[in-house]
Amino acid sequence: MDSSSRTLPRLRLLPAALLLVSAVARAATPGVDAPPEAQPPRPVVLPPMPEERLPNGLRVIVAPRTDLPLVSARLLVRAGPETDPAELAGLSSMAATLLSKGATRQGRAVDATTLAQQAEALGGSLDTGSGWRSTTVSMTVTTPKLDAALALIADVARRPTLAADELERARTQALDSLRVALSSPGTVAGIAARQAYWGDSPYGVPVTPASLQKISTADIRRFHAQQFRPDQAALVLAGDIDLETAMRLARRHFGDWRAPRTPVPPLVSAQPRPQAESNVLVDMPGAGQSSVMVVGPFVALDREDRQTRRIGQAANVLLGGGYSARLNQEVRIKRGLSYGAGSDAEAHPGGGMWSASAQTQNSTAAQVLQVMREEVERLRREAPGREELEARKATLIGSFSRRLESVGGLAATVSGQVAQDRPLAELRGFVEEISAVTPQQVQGFAQKYWAPQALRGVIAGDLKAAGDLGALGAAQRLTVSALAGTPAVPAASPIAAPASAPASSPVPSPTEPSPAKEPAPMAAEPTPAATQPR
């Protein structure tokens with residue numbers, strides 16, 4: 001038999017084989033052999049959030065979830081870096097660090113190692129943190145361990161030793177971190193952007209080596225004595241607990257905490273004080289990349305209504321909330337100028353700030369800055385398509401709902417509302433309010449807040465390698481030393497940090513705009529960006 005005869009049967013079998021493959025493909029199981037089919041959106045279910053106050057003013061809030069025997073406990077004091085004197089920037093963050101480094105328990109001083117061991121014996125970790133209007137002590141434990149965990153939290157918050165040797169250790173670590181951070185274009189650009197927009201207001205003053213060096217144990221103790229008071233604190237308990245049990249435990253561990261006779265300090269309110277020049281250029285000779293930012297106005301917590309804040313959140317997520325958002329589409333996907341570009345927003349009493357950021361080659365920094373500005377202007381010029389906006393709003397809603405899936409995320413969400421002095425009831429309307437935002441409202445928001453003259457651009461990198469930046473317009477030129485207020489800073493790293501590394505920024509409430517995570521606002525502690533509902 002010749003070769004052509006042997007080939008014919010095979011050819012005759014080919015259509016049958018193709019039919020078989022087609023049949024198997026049609027029979028593929030969604031989610032197993034093929035991508036899962038889209039499902040209708042699930043409603044976001046929030047538990048009831050009853051609350052009461054102790055006679056000393058301590059607010060006790062419960063967010064019950066009984067599907068697992070876990071409780072996340074968080075004591076929040078409404079004071080953070082906005083209360084720091086300018087010459088002592090970093091004070092509140094340092095105080096939060098020292099809370100877990102020693103405390104008096106049952107009349108005996110115990111050190112940081114012992115506190116960590118006691119927390120570990122309860123099956124959890126003792127966490128402290130500082131953010132805008134928020135200093136927290138928290139633990140997540142099984143329900144039977146909650147009583148002991150609250151005893152530990154109470155001792156750490158109310159009776160910290162605030163030892164001098166622990167302050168020196170924390171100071172050394174913070175200084176080392178800050179020196180390293182000041183060689184990163186992302187951190188430097190973030191500091192420059194805050195100063196360019198907020199000026200010398202509490203939200204624009206950076207942590208510097210000089211300010212860290214000035215902090216004393218007396219300053220730490222003064223901060224604790226003035227700010228740690230029950231009438232400006234809240235105990236949030238999320239998980240397997242009810243209000244009756246929560247109040248009994250709160251009375252046991254916090255009932256004898258006395259409030260001072262002085263009035264509760266008001267929340268710090270500050271308006272932006274933008275610099276006159278439209279750009280800031282920070283020279284970092286030898287830097288492997290440049291960090292590029294655009295900053296502009298955002299809503300104030302105490303001025304605009306809730307609908308305006310929701311429209312602003314939708315506008316922010318449309319521009320920079322994820323891989324498919326406009327900034328990343330234009331900067332990364334279409335032009336290949338960066339590994340990632342995104343935006344964030346924060347709201348404070350008195351004012352707010354929107355920021356977009358990306359990292360790129362030094363030679364393309366001016367181009368990236370121009371693309372960012374053009375995308376903002378495009379949103380002002382024409383309303384987004386409904387389908388595009390719906391997709392971006394879905395990411396915002398999804399981020400919000402995912403935070404509620406764990407008891408820790410639920411406690412953080414409630415705590416964020418407390419820190420922002422916002423009603424807890426706002427959480428229940430978040431999904432519907434975001435869903436109701438229209439393309440025309442988003443365009444109107446951009447027209448009102450993001451006029452070209454209201455924006456400030458920042459480039460931090462090797463300016464010599466960046467080429468001619470004259471076309472950007474009026475610019476203030478700085479060095480890292482001048483920005484950090486110190487004559488000695490490390491050389492910029494020739495190895496670029498990940499392009500998505502953001503500048504440090506504190507976190508607002510979970511239903512207000514912005515950065516994700518609960519970062520400390522010290523420039524020494526940059527944190528990853530995320531677009532979360534706040």
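This note sets out numbered points on the fold, cores, helix packing and selected residues of a predicted model.

1. Basis. The model is predicted: local features need pLDDT of at least 70 and side-chain atom pairs count only at pLDDT 80 or more, while totals for chains, interfaces and linings use all residues. Residues are numbered from 1 along each chain as its sequence is written, and side-chain values use heavy atoms, with hydrogens and water left out.

2. Overall composition. The chain has 18 helices and 14 strands (DSSP runs numbered from the N terminus; helices are H or I of at least four residues, strands E of at least two). Of its 534 residues, 55% count as buried (buried is under 20% relative accessible area, exposed over 50%, partly exposed in between, with a 1.4 Å probe and protein chains only). Among contacts with a separation of 6 or more, 80% join residues 24 or more positions apart; a contact means heavy atoms within 4.5 Å.

3. Largest nonpolar core. This core holds 81 residues, of which Leu-58, Met-139, Leu-146, Ile-153, Ile-220, Leu-237 and Phe-254 touch the most other members (a nonpolar core is a set of buried Ala, Val, Leu, Ile, Met, Phe, Trp, Tyr and Cys residues joined through side-chain atoms within 4.5 Å). The core lies between domain 1 (51-255) and domain 2 (279-484), because both give residues to it; the domain bounds come from an automatic or database domain assignment. Apart from this core lies another, of 40 residues, including Val-299, Trp-450, Leu-463 and Ala-466.

4. Met-139. Beyond its neighbours within four places in sequence, Met-139 is in contact with residues that include Val-71, Ala-119, Leu-122, Leu-152 and Ile-153.

5. Helix packing. The axes of helix α12 (residues 365-381) and helix α16 (residues 439-449) come within 7 Å and cross at roughly 120° (axes are lines fitted to C-alpha atoms, for helices over the stretch in contact, and angles run from 0 to 180 degrees between N-to-C directions). The contact involves Leu-379, Arg-380 and Arg-381 of α12, together with Val-442, Gln-443, Ala-446 and Gln-447 of α16.

6. Ala-234. This residue lies in strand β8 (residues 233-239) and is buried, with a relative accessible area of 1%. Ala-234 and Leu-76 are 158 residues apart in sequence, yet 5.3 Å apart in space, C-alpha to C-alpha. Not counting residues up to four places away in sequence, Ala-234 touches Leu-58, Arg-59, Arg-74, Leu-75, Leu-76 and Val-418.

7. Ser-211. Helix α7 (residues 209-214) contains Ser-211, which counts as buried at 4% relative accessibility.
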